[in-house]
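Please look over the sequence and the structure below before reading on.

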Amino acid sequence: MAGVKVLSESSVVLKFVPSKFNFVNEPTASNSDSIPIIDFSLLTSGNPDQRSKVIQHLGKACQEWGFFILVNHGIPENDMKAMFEAATEFFNMPAEEKQQYEPKNASDPIKCGNFNVKDTSNHTFTLWRDYLKIYVHPEFHCPLKPDILREALLNYSERTRKLARALLEAISETLELEKGYMEENLNLESLFQLFAANWYPPCPQPDRAIGIPPHTDHGLLTFLIHNGVAGLQIQHNGDWFNVNSPQNSILVNTADQLEIFSNGRCKSVMHRAVLNNEKTRISIVVANGPSPDAIVGPAQPLVARDGRASYLPMKYTEYIEKQLTKSQFNGKTILEQMMIQDEK
């Protein structure tokens, strides 16, 4: 339970990454001026021309990149700062106070620690990251300490939930679905929301360890903010790109359930968290998914339009369980396993 934070702050100066963290990666990535930026205020604008243009840009971002930078989103800067302060207080608590949240099951509503994963060669390694994960909707959970966490988390999760539903309604419009179709079919009133805080300390050998390896997310939309230290990289057309975001913006990626629901139109983007040897990076993540009980498959109007479904349906809770317990089977991700091959 001591975690990577304690290791990095110990009196012994680390010059090399301990062997259990060894992960040979290729952190090389390019910068791009083409990463889409969506101005949320124009979605709620009374100007129909402005709104029409941003709807078009949003659809293009989801279908071509699976990712966009959201600005003017309406969440106050103080609310975002409050989350970083609360997360920092949590990670600074003594290990014995956090020990009660050490995960016993993959589906525990509150869990913290660090994480072991297996690569494609079946090699087990530990991520250079401490995390706190909390289920916050449809049922709200929260650690008892620190005291400031509960109010900050209630407020931030409510605001991001409202924002997610507004964005999903706009994305539904880009798919030319009837108003309310996605909301009703995925029961977004009871949408599943997972909060995560990630602490990535400076790493003596950033190319010999990783914060989070390449992956896609299981939900509909994932929101990410960070403390000004970059580290998120996304894959686009087979190449990796650094994400450099304006202050107070929210990084948004489309996830597996949205790719399935859109019958492949919206892309669930592969992304990873890389390290640096100078500064601690903190990220605050909110994953927004369908209702836990929703059975998610391609939207019927889109199947009718395409002539076939490209994905199998599955209950969302089962999908999460599969991803948590076994992210790959026979070398395929859960999303790849859901794909229906064209018989032509």
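Pro 138 is placed in the loop between β6 and α6, where helices (H or I, at least four residues) and strands (E, at least two) are DSSP runs, numbered from the N terminus. The peptide bond that leads from His 137 to Pro 138 is cis, with omega near 10 degrees. The loop between β6 and α6 also holds Pro 146, and a cis peptide bond with omega of about -5 degrees joins Lys 145 and Pro 146.

In the loop between β2 (67-71) and α4 lies Asn 72, whose phi is near 50 degrees, a positive value in a residue other than glycine. As background to these cases, most residues other than glycine have a negative phi, and most peptide bonds are trans.

## How the model is read

This is a predicted model, in which local features need pLDDT of at least 70 and side-chain atom pairs count only at pLDDT 80 or more, whereas totals for chains, interfaces and linings use all residues. Residues are numbered from 1 along each chain as its sequence is written, and side-chain values use heavy atoms, with hydrogens and water left out.

## Helices packed against α6

Helix α4 (residues 77-91) packs with helix α6 (residues 147-174) at an angle of about 140 degrees, and their axes are 9 Å apart. That angle makes α4 oblique to α6, given that angles under 35 degrees count as roughly parallel, over 145 as roughly antiparallel, 65 to 115 as roughly perpendicular and the rest as oblique. Here axes are lines fitted to C-alpha atoms, for helices over the stretch in contact, and angles run from 0 to 180 degrees between N-to-C directions. Among the residues that meet are Met 80, Met 83 and Ala 86 in α4 and Leu 149, Leu 153 and Tyr 156 in α6, where contact means heavy atoms within 4.5 Å. The residues of this contact of α4 with α6 divide into nine nonpolar, one polar and four charged; Ala, Val, Leu, Ile, Met, Phe, Trp, Tyr, Cys and Pro count as nonpolar, Asp, Glu, Lys and Arg as charged, and the others, Gly among them, as polar.

Helix α3 (residues 48-65) has an axis that comes within 9 Å of the axis of α6, and the two cross at roughly 85 degrees. The helices α3 and α6 are therefore roughly perpendicular to each other. On the α3 side, Arg 51, Ile 55, Leu 58, Gly 59 and Cys 62 meet Leu 167, Ala 170, Ile 171, Glu 173 and Thr 174 in α6, and the residues of this contact divide into six nonpolar, two polar and two charged.

How much space lies in the largest cavity? About 40 Å³ lies there, with a volume taken as the space filled by probe spheres set on grid points that are joined across faces, edges and corners. On a 1 Å grid over the protein atoms alone, a cavity is a set of points where a 1.4 Å probe fits but cannot get out, and a pocket is an open set with protein on both sides within 12 Å along at least five of seven lines; lining residues have an atom within 4 Å of a point. The lining of the largest cavity includes Tyr 200, Pro 201, Val 274 and Arg 281.

The second largest pocket holds about 290 Å³ of space, and α10 gives the most to its lining, with five residues.
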